[in-house]
Amino acid sequence: MSNRLLEIRDLKMYFPIEEGMFKKTTNYVKAVNGLSLTVNKGETLAIVGESGCGKSTLARTIIGLQKPTSGEILFEGKNILEFNHQEMHQLRRDIQMVFQDPFTSLNPRMKVGDIIAAPLKAYKTTKNVKHRVLELMELVGLKPEYYNRLPHEFSGGQRQRIGIARAIALEPKLIICDEPVSALDVSIQAQVINLFKDLQKELNLTYLFISHDLSVVKHIADKVAVMYLGKIMEMSENETFFQEACHPYSNALLSAIPLPDPEKEKTRERIVLKGDLPSPANPPAGCVFHTRCPFAQDSCRENTPPLEKRGEEHFVSCYFPVEHKPAEKARSVVN
Amino acid sequence: MLEVKNLKAYIDVDAGVVKAVDDVSFSIKAGETVGIVGESGSGKSVLALSLMQLNPKPPVFYPQGEILFEGQNLLTMKESELRKIRGNKISMIFQDPMSSLNPIFRIEKQLIEAIRTHQDLSRKDAERKAIELLTDVGIPDPERRMRDYPHQFSGGMRQRVMIAIALACRPKLLIADEPTTALDVTIQAQILELLASIQKKYGTAIIIITHDLGVVAKLADRVMVMYSGRIVEEGSTADIFYRTSMPYTWSLLRSMPNIGSAGNERLVPIQGQPPNLITPPKGCNFNPRCLFAGPECLEVDPVLAERGNGHLAACVLSQREFNERKRQLEAVEREGVRG
């Protein structure tokens, strides 16, 4: 389909663990372990997962910062792993990134104007760089008088705006946002989330939005993919996910988020997971989630459930998905 | 049990004096859970450290106020006496469990030290007690895990160890400063359950400091909302969430992403930045960001006033005026969305 911007097929990214004097490889950290997904033009796909699930590794692999062990990454139908130098140069223009930490991702010695101008100069897209920078600054809500200031003069939210202006400077086709709001305060978080949404509408951007916070994801994503130990557990459209997520892990994540509403908080049912995330160097056999899953059966320990279609745009990798009873669904609609 | 009266904690910096805690009064009853909510820079951590007298002096100084714990003023107490209270009657857990445990000692040593500092127990008894504590906080196989070093524990497990150390002497008051911020959501849920169960089992009063209103909704009986060094609203959890009286609290609730909300509707952020605490704005500290600020707010600095049933709010608007303004604004916003 022409609408597909990014397609990832069976991607694996293993990091060797080296031991001993001769750096013998004894094992691999399987950070991304057989992952497939597609991102369509103009939509926001959120990748959700806890720390160590491989979501940042996925991002780094897509922008070509590391070479995957196996698999394909198709950008506009072409496999970027086979790109030559010139094609890579073009790709780096088409895919941009916004980072989590607005303090370390901006050069402290560069002025705001120069930071935003850097990609423009590198790709020589425009003669009048300053004019374009001011245009970008206005777009992300920065005042023109900030042009000559240094990053340390700004708060976290403002710095994130600088990072966003830099990312959109070359009119990229895809922006990968790696936890872009998790370092910000609540009141500022909402400002930045709204900015992402406005820019998407205005510039027809596509986002791959990586986050551990499902409540943020709910407000920005069109589709949600849940990752656990380098694999996708469940993927669906936003609304479907928040109403009828059926992977036990998705449900555990949803019920782990405390609601800012004391009455609901006291009455709702929850799945509390036991234990910690297993090591990605030694993932459990069968379904990777079985060690923490409250519904695990013998078959889950032996076989790996495939990512199966369950509904329109809804995929689940589980043998015993949580059933949402029609009555329960109706009640949640009434509420 | 704990009573704080008109406490000021200022920080002396090159650019001037930061009014980190500015005239704060409140009290904590035995066995209750109180949430202190605020954004970074609102002074909540300085307040928490003041209660333990752990702020570095200088640059922090206390120009005014009293912190009465069981009738004794901690502000005027000698260091040697403070040591008998700290970690014994009042203890604290911090955001980052890795940097609050000593990386070069086994968990065993750190736990037993905490126990034997305040209790006259033999090594054997202290060891038995340590195992008991680790079992209490849900660490599997405690006899073996005791011999491990902090780096051998995961983030959630480290926080459990911190809680075990904090509980070593059955404190009357436990101060938890952002205890789950560094943890993943599923681990956060485990730690919050643990804190709730400890509270039930031992009747320990808990002060939980957080920026997450969800955490407060889950755990707290009472909530204090801090903004730029002051408490701007205080009340039962239901008062704060359902009968909000202060525009800041209300704005904060509106700006929170919420998975319980209907669709993926637009969030309503609070415009602007938190104020500079060296030269706070004239009048009400929140007026530059407040949607209801009138000319009066630029002049009058509102104090906490009773709104019924122990619910306090610092705003010039009465509850009726506030509700009325809120309704008008929401009507306008709905109109705006449709148009």
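**Interface, pairs and bridges, term by term**

Reader: What makes a residue pair between chain A and chain B count as a polar contact, and how many are there?

Author: Eleven residue pairs between chain A and chain B are in polar contact, both residues being at pLDDT 80 or more. The term asks for a pair of N or O atoms within 3.5 Å; within protein, one must be able to donate a hydrogen and the other to accept it, and residues adjacent in sequence count only if both atoms are side-chain atoms. Mind that this is a predicted model: local features need pLDDT of at least 70, side-chain atom pairs count only at pLDDT 80 or more, and totals for chains, interfaces and linings use all residues. Residues are numbered from 1 along each chain as its sequence is written, chains are lettered from A and ligands numbered from 1 in the order in which they are written, and side-chain values use heavy atoms, without hydrogens or water.

Reader: Which helices of chain A supply residues to the side that touches chain B?

Author: Five of them give at least two residues each: α6 (186–203), α7 (214–220), α8 (238–244), α9 (248–256) and α10 (262–267). α6(A) gives the most, ten residues. A helix here is a DSSP run of H or I, at least four residues, a strand a run of E, at least two, and both are numbered from the N terminus.

Reader: How much area do chain A and chain B bury between them?

Author: About 3800 Å², with 56% of it on carbon and sulfur atoms. That's the accessible area (1.4 Å probe) that the two parts lose on being put together, summed over both. A:V186, A:H219 and A:P260 supply 17% of what chain A buries there, more than any other three residues.

Reader: How many salt bridges cross the interface of chain A and chain B?

Author: Zero by the rule, which wants a side-chain nitrogen of Lys or Arg within 4 Å of a carboxyl oxygen of Asp or Glu. Over all chains, the structure holds 33.

Reader: Why is the pair A:R301 and A:D298 called a salt bridge?

Author: Their closest N and O atoms are 2.9 Å apart, so the pair meets the cut-off. The two are three residues apart in helix α11 (298–302) of chain A, and so separated by about one helical turn.

Reader: What about B:E70 and B:K89?

Author: At 3.6 Å between the closest N and O atoms, that pair is a salt bridge too. This one links distant parts of the chain, 19 residues apart: B:E70 lies in the loop between β4 (60–69) and β5 (72–73) of chain B, B:K89 in the loop between α2 (79–85) and β6 (90–93).
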